[in-house]
Amino acid sequence: MQTVSVSLAANPYEIVISSGIFPQFGEYFKKWVPGARQAVVVTDTNVEPLYGMKIAEILADAGIANDLCVVEAGEESKCPEVAQMLWERLIECGADRKTVVVAVGGGVVGDLAGFVAATLNRGIPFIQVPTTLLAQVDSSVGGKTGINIPQGKNLVGAFWQPKGVLMDMTSLQTLDDRQYRAGLAEVVKYGVILDADFFAFLEQNISAVNARQEDVLARIIARSCELKAQIVIEDERETSGRRAILNYGHTFGHAVEKLCGFGTYLHGEAVGIGMSFAAKLAMKLEPEKKELQELSERQDALLEALHIPTQVPDLPRDAVLSAMLHDKKTENGTIRFVLPNRLGECVMKTVEGVESFI
Ligand SMILES: NC(=O)c1ccc[n+]([C@@H]2O[C@H](COP(=O)([O-])OP(=O)(O)OC[C@H]3O[C@@H](n4cnc5c(N)ncnc54)[C@H](O)[C@@H]3O)[C@@H](O)[C@H]2O)c1
Ligand SMILES: [Zn+2]
């Protein structure tokens, strides 16, 4: 079992990572929210039969009364209408300030249920049980919750830290291949921007990672959570700019995601393409730095070995540029990129004349 402490001054909590740990959820629940007697488990239609119902039963066996709320699987559920339905359901279930919202599912369920917990009664306790790799290494760490509105993704939200996060490696065995790889792209990202040894560990364990070997998975998930947690502790509310380095590969990735039509590439797949682009951009900006060429080659080789796309699809250059200019990471018309300096270290750079690099 691995435990990662997220030592935020006001809301410290732990992330517990292990195989076959779900049966102990009742004990963690009582430890993380002492005295709580009621829970509402939020899950989606795919995760309900796999893990949602089990978590609800485990809580009931531990003496915690609970209701199960199931939303349609998919990004469309991260919307005001579904949030409203959940607020209403929680009130019907008799929720008060001590009721705990338990999110069982991927990033959609985590962001949505976290937002509902952050806003009902001005904030009620929340526990995350992430079941996708992306949710385990990314969305369940850091306290960002939110929903989409027609004007944009994640435009309405709140910072709301969970009381605890429980991850069971066995839940990843049922995840489909593309979803699994999309999560791996964010794992590779942490290695490139923050930890060269971790990057090398991934290179050395490609077949175990592809085979979803649980001991290796536990290590990479724990390290990813540690690295993300460290950044979040340094910049909890995205005010100092430090947290922005987590957007490595995302400026170009978001443009690809948007221009190809959301859904053509999963977010993580687009991030793979974005990282490949960003490393090449860094290389072209500083051609004398040989280590950048090596970094770009090693990164592409690792992404490809993990079956994450790196090839930029054929897109009109002007459209890519304008999509990047509209991305929220841009300032005054110039484009700010997170670019690698060397393996394990990156910087924010304002790049002019990006069109000549696309
Ligand atoms: N809050 C943050 O900091 C943050 C960071 C990154 C991404 N996000 C958000 O996360 C969301 C994406 O999360 P996601 O990739 O987990 O998507 P998701 O929640 O839609 O899950 C992907 C699919 O896998 C299914 N699923 C979940 N667990 C499963 C399992 N164990 N076995 C089989 N199927 C399973 C789901 O039902 C869904 O169909 C986006 O909305 C994104 O904005 C948030
Ligand atoms: Zn991402």
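Guide: Cys-79 is buried, because its relative accessible area is 14%, under the 20% limit for that word. This is a predicted model, and in it Cys-79 takes part in no disulfide. The nearest cysteine sulfur belongs to Cys-69 and is 15 Å away.

Now turn to Cys-93. Its sulfur has Cys-69 as the closest cysteine partner, at 5.3 Å, which is too far for a bond. Cys-93 also counts as buried, with 18% relative accessibility. By the distance rule, the count of disulfides comes to zero.

Next, look at Ser-77. Ser-77 sits in the loop between strand S4 (65-71) and helix H3 (80-92). Ser-77 is buried, with a relative accessible area of 4%. What surrounds Ser-77, once neighbours within four places in sequence are left aside? Its contacts are Val-71, Glu-72, Val-82, Val-108 and Leu-112.

Glu-75 has a side-chain N or O atom 2.7 Å from an oxygen atom of ligand 1. For Asn-46, a side-chain N or O atom is 3.0 Å from an oxygen atom of the ligand. Thr-131 instead places a polar side-chain atom 2.7 Å from a nitrogen atom of ligand 1. On its own, ligand 1 has 860 Å² of accessible area, and the protein covers 85% of that.

Beyond H4, in the loop between H4 and strand S6 (126-130), you will find Arg-122. Arg-122 is not a glycine, yet has a positive phi of about 60 degrees. Arg-122 is exposed, with a relative accessible area of 73%. Strand S8 holds Asn-154, another residue other than glycine with a positive phi, here near 55 degrees. Asn-154 counts as partly exposed, at 40% relative accessibility.

Our last stop is the zinc ion, ligand 2. Which residues coordinate the zinc ion? They are Glu-186 through OE, His-250 through NE2 and His-267 through NE2, at 2.0 to 2.1 Å. Along the sequence, these donor residues follow the spacing E-x63-H-x16-H. Glu-186 and His-267 link distant parts of the chain, being 81 residues apart. Glu-186 belongs to helix H6 (residues 177-194), while His-267 belongs to helix H11 (residues 267-285). Is each of this pair buried or partly exposed? Glu-186 is buried, with a relative accessible area of 0%, whereas His-267 is partly exposed at 24%.

Technical notes: Residues numbered from 1 in each chain as written. Chains lettered and ligands numbered in written order. Predicted model: local features only at pLDDT ≥ 70, side-chain atom pairs only at ≥ 80, totals over all residues. Heavy atoms only, no water. Donors = N, O, S within 2.8 Å, 3.2 Å for Na, K, Ca; no water. Helix = DSSP H or I, 4+ residues; strand = E, 2+ residues; numbered from the N terminus. Buried < 20%, exposed > 50% of the residue type's maximum accessible area, 1.4 Å probe, protein only. Disulfide = S-S within 2.5 Å. Contact = heavy atoms within 4.5 Å. Polar contact = N/O pair within 3.5 Å; in protein donor to acceptor, adjacent residues only side chain to side chain. Areas by Shrake-Rupley, 256 points an atom, 1.4 Å probe, with all protein chains shown as cover.
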